[in-house]
Amino acid sequence: MRFIVFGASGYVGGCCYDYLESSKFKVIGTQNTSKLANLRKFDLSNDRVKDIVDKSFLDKNDKVFGIIFAAFSEVDRCFREKEKSYKINVESTIKLIEDLVNL
């Protein structure tokens, strides 16, 4: 099995990424604003999965699972910036799921 962990720079996503990696699974982790060397840059509202995943990662017989921890998660900002929160947490997440289904 292969995994893509979206939001691997956060606490929960990072724990999931670390667990999968330590269990010897092939795993790609993403980050939006952090600068961790082992994670790939991925902006949930602008980027597409095919742009961050190497074709060789997908060309195997193993299944690829996407685990989504990425979100606009600051509760106070979500309340103040409802449109931005909806765009990222709903619309962009739906787009990401559609991309994963079509890999």
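Visitor: Where is K24 found, and why does K24 count as exposed?

Guide: K24 is found in the loop between α1 and β2, where helices (DSSP runs of H or I, at least four residues) and strands (runs of E, at least two) are numbered from the N terminus. Because buried means under 20% relative accessible area, exposed over 50% and partly exposed in between, with a 1.4 Å probe and protein chains only, K24 at 73% relative accessibility counts as exposed. Phi of K24 is near 70°, a positive value in a residue other than glycine.

Visitor: What should I keep in mind about the kind of model this is?

Guide: This is a predicted model, in which local features need pLDDT of at least 70 and side-chain atom pairs count only at pLDDT 80 or more, while totals for chains, interfaces and linings use all residues. Residues are numbered from 1 along each chain as its sequence is written, and side-chain values use heavy atoms, with hydrogens and water left out.

Visitor: Is Y11 buried or exposed, and what makes it so?

Guide: Y11 lies in helix α1, and its relative accessible area of 69% is the reason why Y11 is called exposed. The C-alpha atoms of Y11 and S34 are separated by 12 Å, although the two residues are 23 apart along the chain.

Visitor: Why is T30 called buried, and which residues does T30 touch?

Guide: T30 lies in strand β2, and T30 counts as buried because its relative accessibility is 1%. Not counting residues up to four places away in sequence, T30 touches I4, V5, F6, G7, A8, S9, L39, R40, F42 and I52, where contact means heavy atoms within 4.5 Å.

Visitor: How do you know that α4 has a kink, and where is the kink centred?

Guide: The bend at a residue is the angle between axes fitted to the seven residues ending there and the seven starting there, and in α4 there is a kink of about 30° centred on S92. α4 has 20 residues and reaches 27 Å from its first C-alpha to its last, close to the 28 Å expected, that span being 1.5 Å times one less than the number of residues.

Visitor: Which residues of α4 are buried, and what do they pack against?

Guide: The buried residues of α4 are S85, I88, S92, T93, K95, L96, D99 and L100, and they pack against β1 (2-6), β4 and α3 (75-80).

Visitor: Why are V90 and E98 placed in the class that they are?

Guide: V90 is found in helix α4 and counts as partly exposed because its relative accessibility is 29%. E98 has its place in helix α4, and with a relative accessible area of 47% E98 is therefore partly exposed. From C-alpha to C-alpha, V90 and F72 are 9.9 Å apart in space and 18 residues apart in sequence, whereas E98 and A71 are separated by 16 Å and 27 residues.

Visitor: What class does I68 fall into, and which residues is I68 in contact with?

Guide: I68, in strand β4, has a relative accessible area of 30%, so I68 is partly exposed. Leaving aside its neighbours within four places in sequence, I68 is in contact with F6, T93, L96, I97 and L100.

Visitor: What makes a set of points a pocket, and what volume does the largest pocket have?

Guide: On a 1 Å grid over the protein atoms alone, with a 1.4 Å probe, a pocket is an open set of points with protein on both sides within 12 Å along at least five of seven lines, and lining residues have an atom within 4 Å of a point. The largest pocket has a volume of about 600 Å³, a volume being the space filled by probe spheres set on the points, which are joined across faces, edges and corners. Of the 24 residues that line the largest pocket, N32, A70, A71, F72 and S73 are the closest to its centre.

Visitor: Which elements supply the lining of the largest pocket, and how many of its residues are polar?

Guide: α1 (11-22), β2 (26-31) and α4 (82-101) each supply at least two residues of that lining, the largest share, three residues, coming from α1. By class the lining has nine nonpolar, 11 polar and four charged residues, with Ala, Val, Leu, Ile, Met, Phe, Trp, Tyr, Cys and Pro counted as nonpolar, Asp, Glu, Lys and Arg as charged, and the others, Gly among them, as polar.

Visitor: Which element gives the most to the lining of the second largest pocket?

Guide: β4 (64-68) and α4 each supply at least two residues there, and β4 gives the most, with four residues. About 160 Å³ of space lies in the second largest pocket, whose lining residues include I68, I97 and L100, and by class this lining has eight nonpolar, one polar and two charged residues.
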